[in-house]
Amino acid sequence: MVLSLANEETYQKRLKKTTKQARSTGHNVSEKFKIKARLNIMVTNVPSEVLKTNEIRKVYAMRWQIELIFKTWKSLVTINEFNSKKIHRFECQLYGKLIWVILNLKIFNCLQEQMYGKYKILCSIWKYFRLIQNIQNFLIKAVKNQNQLRLLIKKLIDYAPKAIYLEKKKGKLALEHIINLLT
């Protein structure tokens with residue numbers, strides 16, 4: 001277990017959020033919570049020789065990005081939902097969904113490179129998969145025809161700055177910055 005003190009801004013943010021929740025239910029924030037809110041508590045089984053205390057927070061941030069990708073797959077691709085209990089049908093559905101995810105990740109990475117190269121902005125994987133959910137029939141048709149696929153990707157590149165840009169969150173590191181810190 002690794003304990004560290006939260007900075008004042010993080011502490012105030014935690015306190016503000018909890019105070020708002022407590023008031024909505026007619027309660028007050030306890031002194032015990034106020035003390036706990038000053039701490040960052042991270043649990044790991046990685047030896048301190050392998051991962052230093054100051055690096056653990058960075059790794060946690062990267063892990064959170066991975067969790068967000070899985071959340072996207074579960075929520076928007078429904079990778080965890082299957083219609084059949086028969087093993088062969090289950091496998092077909094699973095492989096189909098994984099192929100769909102891989103195809104879309106390839107397209108997303110292409111868009112990401114174009115967007116970052118041209119505008120220096122990152123794309124939101126959540127927004128991308130939500131967009132693809134709405135135009136999946138066009139994508140399925142485009143996959144069958146290379147020219148249609150190029151045209152669709154061109155349209156996505158033109159549309160991406162307005163639709164799938166990753167909004168900067170105050171005080172939060174973007175995935176790109178987290179990766180740069182770890183390497």
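**Second largest pocket**

I first took the lining of the second largest pocket by class and found 6 nonpolar, 5 polar and 1 charged residues. I note that the model is a predicted one. For the volume of this second largest pocket I recorded about 220 Å³. Helix H4 (87-119) and helix H5 (125-143) are the elements that give two or more residues to its lining. I then asked which element gives the most to the lining of the second largest pocket. The answer is H5, with 5 residues. I listed the lining residues, among them Trp 100, Phe 129, Ile 132 and Gln 136. Thr 78 also belongs to the lining, and I returned to it below.

**Backbone angles**

I looked up phi of Thr 78 and found a value near 50 degrees, which is positive in a residue other than glycine. Thr 78 sits in the loop between helix H3 (53-76) and H4. Thr 78 counts as partly exposed because its relative accessibility is 26%.

The loop between H4 and H5 holds Lys 120. Its relative accessible area is 56%, so Lys 120 is exposed.

**Surface patch**

I noted a nonpolar surface patch of about 540 Å², made by Met 1, Leu 3, Ile 41, Val 43 and Tyr 60. Met 1 belongs to the segment before strand E1 (2-5). Is Met 1 buried or exposed? Met 1 counts as exposed, because its relative accessibility is 68% and the cut-off for exposed is over 50%.

Technical notes:
Residues are numbered from 1 along each chain as its sequence is written. This is a predicted model: local features need pLDDT of at least 70, side-chain atom pairs count only at pLDDT 80 or more; totals for chains, interfaces and linings use all residues. Side-chain values use heavy atoms; hydrogens and water are left out. On a 1 Å grid over the protein atoms alone, a cavity is a set of points where a 1.4 Å probe fits but cannot get out, and a pocket is an open set with protein on both sides within 12 Å along at least five of seven lines; lining residues have an atom within 4 Å of a point. Grid points are joined across faces, edges and corners, and a volume is the space filled by probe spheres set on the points. Helices (H or I, at least four residues) and strands (E, at least two) are DSSP runs, numbered from the N terminus. Ala, Val, Leu, Ile, Met, Phe, Trp, Tyr, Cys and Pro count as nonpolar, Asp, Glu, Lys and Arg as charged, and the others, Gly among them, as polar. Patches are made of residues with over 30% relative accessible area and no salt bridge: like charges are joined within 9 Å, nonpolar side chains (Val, Leu, Ile, Met, Phe, Trp, Tyr) within 5 Å. Accessible areas come from the Shrake-Rupley method with a 1.4 Å probe; for residues, only the protein chains shown count as cover. A salt bridge is a side-chain nitrogen of Lys or Arg within 4 Å of a carboxyl oxygen of Asp or Glu. Buried means under 20% relative accessible area, exposed over 50%, partly exposed in between (1.4 Å probe, protein chains only).
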